[in-house]
Amino acid sequence: MKKAIYPGSFDPVTYGHLDIIVRASKVVDELIIGVLVNKQKKPLFSMEERLFMIRETTRGIPNVRVQTFEGLTIDFARENDARLIIRGLRAVTDFESEMQIAQTNHSIDPEIDTIFFTTSLEYAFLSSTIAREVAYYGSDVSKLVPPVVAEQFQKKFHQDS
Ligand code: ADP
């Protein structure tokens, strides 16, 4: 049984993440999306909101599960008995830090490997930060994020308008 984790902040989940989730879910038996509790960062969306949006978005994919985690990704993988960590690579700029993290993880536990999916071209520019920025200024986010996320943006930024 091939189990993998896909860790990240998902603040919020975008079509770029979803693309990786769909593709990764086809090559493993179970994919656990790990939503990071990062006490050093103040996220726009609460943990409950982030979980809700990912669950809604991945509802149709039977072998995907969503849960929170705190601390090291490698420990989250071990706790879930997963030997694979999924990450997405957008551009060269992602490469250096991702390689460093993957090598650190592999040196901590050589049984656990990281698999990288290269982004589909149409999402190469897309990050949660970009989506938040576009939504904040009231522009159309329908090509960037799933409808449930667009709704949450609307509530967060433009409720009274
Ligand atoms: P983190 O804070 O850990 O980078 P993110 O939620 O920003 O968490 O990203 C989680 C993972 O998804 C990372 O591996 C990131 O590179 C990948 N990712 C984010 N956006 C995209 C995208 N547009 N295409 C492919 N991968 C992406």
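Student: Where does D81 sit in this model?

Tutor: The model is a predicted one. D81 lies in the loop between helix 3 (73-79) and strand 4.

Student: Why is D81 called exposed?

Tutor: The relative accessible area of D81 is 62%. Exposed means over 50%. D81 is therefore exposed.

Student: Is F10 buried or exposed, and how do you know?

Tutor: F10 has a relative accessible area of 3%. The cut-off for buried is under 20%. So F10 counts as buried.

Student: What makes the peptide bond from D11 to P12 cis?

Tutor: Its omega is near 0 degrees, and the bond is cis. P12 is found in the loop between strand 1 and helix 1. As a rule, most peptide bonds are trans.

Student: Why is V92 called exposed?

Tutor: V92 has 73% relative accessibility. The threshold is over 50%, so V92 passes as exposed. V92 is found in helix 4.

Student: Which residues make the nonpolar surface patch?

Tutor: V92, F95 and M99 make it, and the patch covers about 310 Å². A patch residue needs over 30% relative accessible area.

Student: Now the largest pocket. What is its volume, and how many residues line it?

Tutor: The volume is about 1,100 Å³. The lining has 48 residues. P7, G8, S9, F10 and R87 lie nearest the centre.

Student: Which elements give two or more residues to that lining?

Tutor: The strands are strand 1 (3-8), strand 4 (84-89) and strand 5 (113-118). The helices are helix 1 (15-27), helix 2 (47-57), helix 4 (92-108) and helix 5 (128-136).

Student: Which element gives the most to the lining of the largest pocket?

Tutor: Helix 4, with 9 residues.

Student: What is the make-up of the lining by class?

Tutor: The lining of the largest pocket has 20 nonpolar, 18 polar and 10 charged residues.

Key
Residues are numbered from 1 along each chain as its sequence is written. This is a predicted model: local features need pLDDT of at least 70, side-chain atom pairs count only at pLDDT 80 or more; totals for chains, interfaces and linings use all residues. Side-chain values use heavy atoms; hydrogens and water are left out. On a 1 Å grid over the protein atoms alone, a cavity is a set of points where a 1.4 Å probe fits but cannot get out, and a pocket is an open set with protein on both sides within 12 Å along at least five of seven lines; lining residues have an atom within 4 Å of a point. Grid points are joined across faces, edges and corners, and a volume is the space filled by probe spheres set on the points. Helices (H or I, at least four residues) and strands (E, at least two) are DSSP runs, numbered from the N terminus. Ala, Val, Leu, Ile, Met, Phe, Trp, Tyr, Cys and Pro count as nonpolar, Asp, Glu, Lys and Arg as charged, and the others, Gly among them, as polar. Patches are made of residues with over 30% relative accessible area and no salt bridge: like charges are joined within 9 Å, nonpolar side chains (Val, Leu, Ile, Met, Phe, Trp, Tyr) within 5 Å. Accessible areas come from the Shrake-Rupley method with a 1.4 Å probe; for residues, only the protein chains shown count as cover. A salt bridge is a side-chain nitrogen of Lys or Arg within 4 Å of a carboxyl oxygen of Asp or Glu. Buried means under 20% relative accessible area, exposed over 50%, partly exposed in between (1.4 Å probe, protein chains only).
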